Amino acid sequence: IVVENSAFANGYLWSLGPASWYLILHVTGGILFELGQLAGDGLVGYSQDPWNVVDVSMYSLLTIWLVFRVSDAEQAAAAGETEFIPESSISGEFLGLAAIFIWLRMLNVFGLDQKFGPLVRIIQGMVSNVFSFMVLLTVFLAGFATCLKSIFKRMDTDSEEFEDSEFPFDSFSDQQVAMLS
C-alpha cells in the first residue's frame with residue numbers, strides 16, 4: 001500500500017515515492033540481468049534452472065503490475081480523484097501475485113546462509129511431502145464426491161417432484177466443499 005499510495009504525494013501522477021522508484025529500478029535491473037543470463041546460457045540452459053522460472057514469473061508480474069498501476073493512476077487522475085486507492089484497482093492483485101514469487105526467491109537467498117540454510121532445506125522437504133499428500137487427498141475427495149453424487153442422485157427424472165426440487169450437489173465443486181466440511 002505504501003508503494004501504490006505514493007503516486008499522489010505531490011498531486012500529480014509521476015511524483016512516485018522512493019519505494020515505487022526502488023521497485024521500478026529493481027525490476028528493470030532484474031530483467032536486464034535475466035536477459036544477460038538468457039543470452040549467456042541459451043534458452044535450453046536457462047530454462048533448466050527452476051529459479052530462472054521463478055525470476056521470469058516474478059519480473060513478468062511486476063512489469064504487469066507497473067503497467068496497470070500507471071494506467072489505474074492515470075484513470076484516477078483523469079477522473080479528478082485526489083487520492084489513488086489501490087484496493088479498487090487490478091494493479092494490487094498483480095503485486096500480490098508477484099509477492100508469492102518474491103518470497104520464494106527470498107527462501108532461496110536464505111538457503112545460502114549457514115544458519116538458515118538447513119531450515120530452508122527442511123521447509124522444502126515438508127512442502128514436497130505436503131504436495132504429495134494434497135495429490136492423494138484430491139484423488140480421494142474426487143472419488144468420494146463422485147460416490148456422493150451417484151448415491152444421492154435421483155433416478156426418477158420423470159416425476160414432478162424431481163423438477164421442483166433442487167439437488168444440493170449439482171456441481172463437482174459443491175461436492176468437494178461438502179466433502180471438506
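So, the lining of the second largest pocket: six of its residues are nonpolar, one is polar and none is charged. Here Ala, Val, Leu, Ile, Met, Phe, Trp, Tyr, Cys and Pro count as nonpolar, Asp, Glu, Lys and Arg as charged, and the others, Gly among them, as polar. Keep in mind that this is a predicted model, where local features need pLDDT of at least 70, side-chain atom pairs count only at pLDDT 80 or more, and totals for chains, interfaces and linings use all residues. Residues are numbered from 1 along each chain as its sequence is written, and side-chain values use heavy atoms, with hydrogens and water left out.

What do I mean by a pocket? On a 1 Å grid over the protein atoms alone, it's an open set of points where a 1.4 Å probe fits, with protein on both sides within 12 Å along at least five of seven lines; lining residues have an atom within 4 Å of a point.

Who lines this one? W51, L104, L107, V120, I123, Q124 and V127. Helix 4 and helix 5 (117–152) each give two or more residues, and helix 5 gives the most, with four. Helices are DSSP runs (H or I, at least four residues), numbered from the N terminus.

Okay, on to the largest pocket. There's about 360 Å³ of space in it. Of its 17 lining residues, H26, M58, L62, I102 and M106 are the closest to its centre. Which element gives the most to that lining? Helix 4, with seven residues. And the lining's make-up is twelve nonpolar, two polar and three charged.

Technical notes
Points joined across faces, edges and corners; volume = space filled by probe spheres on them.
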